[in-house]
Amino acid sequence: MGHALALSRRGLGNTWPNPAVGCVVVRDGIVLGRGWTQPGGRPHAEVMALRQAGAAAQGATAYVTLEPCAHHGKTGPCAEALAHAGVARVVSALTDPDPRVAGRGHAILRAAGIAVTEGVREAEARELQRGFLTRVTLGRPMLVLKLATSFDGQIALASGESRWITGPAARRHVHLLRLTHDAVMVGGGTARADRPALNVRGFGPVRQPVRVVVSAQDLPDLPPEDATHGPLWQVQGDPAQIMAELGARGVTRVFCEGGGQLAASLLAAGLVDELIGYTAGVVIGGDGRAAVGAIALPSLAAAPRFDLVESRRIGPDLFHRWRRHSQE
C-alpha cells in the first residue's frame, strides 16, 4: 500500500475532476503491475496496473488507494475490471464518498468472490485525497493559501517593491506546489499590478494549472493558454460562490497566492483549509504592505486558527505549513 500511495502522489494536480489514485498488483511478493491515474483522469490507476500485469493478474492481490469505481462513464467500472482480471483479493485504503460509488465498488468485488480488505493506511490516503474528498462532501475544492512574507508579515514595501523577499530555493518550491494543485488563484488587483504568469516553471513539460483571477473588472492582457500557460478563468462573487463555482467545474485543489484582500475574504469566510508560509529574515516595517487585509474581527477568539503541520528551512528562508484548527 505504501507503493500505491507513492504512485497516487504522482497524479496530484493532474487528474481533476477525478481523484489521484495509485494501484499495485502483487502475487507471491512480486509486483506484476502498477499504475496511477493519468492526466485528465483517464485511464484509471487500476486499468494501468492490470494492463501491465496481463494474464498474471489471475489470483493476484491488488492494492488501491481508493475504493474502485462502480459506475459507467467514459470507461467501465474499475471494480468490474478487477473482477474480470481474476484477482483474488483487493486491499483498499479509503472508501469513495462519491454517491455513484460509496461502497458499491467493494460490493461488486465481494459479489464476484473477491476477498476485500478495507481501511489499510486510511489516514495517509485521506490526506492525499483531501481535495477530492472536499469537493465531493462540501461542493468546493480544498483551498491552500500561500503567503511569502518578511519576518514582520509584510509582502512589499510601501512603494509596492517586492522582488524578492524570499530566496530562489523558496520560489522554486512554490513552483513545485503549483504543480500539485489543479488551479492557482489570485485577486484582480494582484493580476493588474504584477501581471503574474501563474504557471509552473523549471520542471520541464508539465500539465499547467488553471489560472484563476477573482475580479469583476476587466483584466490586463495575460498570456493566453498554450504549452506553458494553463487556461485562464475569471470569476467573481463572494468567496463561497467562487469556491462553489470552481468545485462545479471539477477543480479539487486550489493554490491561492494573494493579494491581501482576497486572502482576508477567504479567511473570514472560513474557506482556507491550509496555510503555506515562506518567511524571510528581512524586516520591512509598518509602512509596508501587509500579507492579509482587514478582517474586522470582533474579538481574538474569532480569529481563524491553524495548527502547525511542518516547518523546515528552505535556503535562507523558513517554510511552514498549517492546517485549519479542528474543533473536535
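Guide: Helices (H or I, at least four residues) and strands (E, at least two) are DSSP runs, numbered from the N terminus. This is a predicted model: local features need pLDDT of at least 70, side-chain atom pairs count only at pLDDT 80 or more, and totals for chains, interfaces and linings use all residues. Residues are numbered from 1 along each chain as its sequence is written, and side-chain values use heavy atoms, without hydrogens and water.

Visitor: Which residue takes a positive phi just after α10?

Guide: Find helix α10, residues 260–268. Look just past α10, where phi is positive, about 70°. The residue there is G270.

Visitor: Which residues of α10 are buried?

Guide: Buried means under 20% relative accessible area, exposed over 50%, and partly exposed in between (1.4 Å probe, protein chains only). In α10, the residues that are buried are G260, L262, A263, A264, L266 and L267.

Visitor: Where is H44 found?

Guide: Start at strand β2, residues 30–36. Then go to helix α2, residues 45–53. H44 sits between the two, in the loop between β2 and α2.

Visitor: Is H44 buried or exposed?

Guide: The relative accessible area of H44 is 17%. The cut-off for buried is under 20%. So H44 counts as buried.

Visitor: Which residues does H44 touch?

Guide: A contact needs heavy atoms within 4.5 Å. Leave out residues up to four places away in sequence. H44 then touches N18, T37, C69, T75 and C78.

Visitor: How many Å apart in space are H44 and A280?

Guide: In sequence, H44 and A280 are 236 residues apart. In space, C-alpha to C-alpha, the separation is 41 Å.

Visitor: Which element gives the largest share of the lining of the second largest pocket?

Guide: The second largest pocket has a volume of about 440 Å³. Its lining holds 19 residues, with L177, T180, R253, E274 and R321 closest to the centre. Elements that supply at least two lining residues include α5, β12 and β14. The largest share, 3 residues, comes from α7.

Technical notes
On a 1 Å grid over the protein atoms alone, a cavity is a set of points where a 1.4 Å probe fits but cannot get out, and a pocket is an open set with protein on both sides within 12 Å along at least five of seven lines; lining residues have an atom within 4 Å of a point. Grid points are joined across faces, edges and corners, and a volume is the space filled by probe spheres set on the points.
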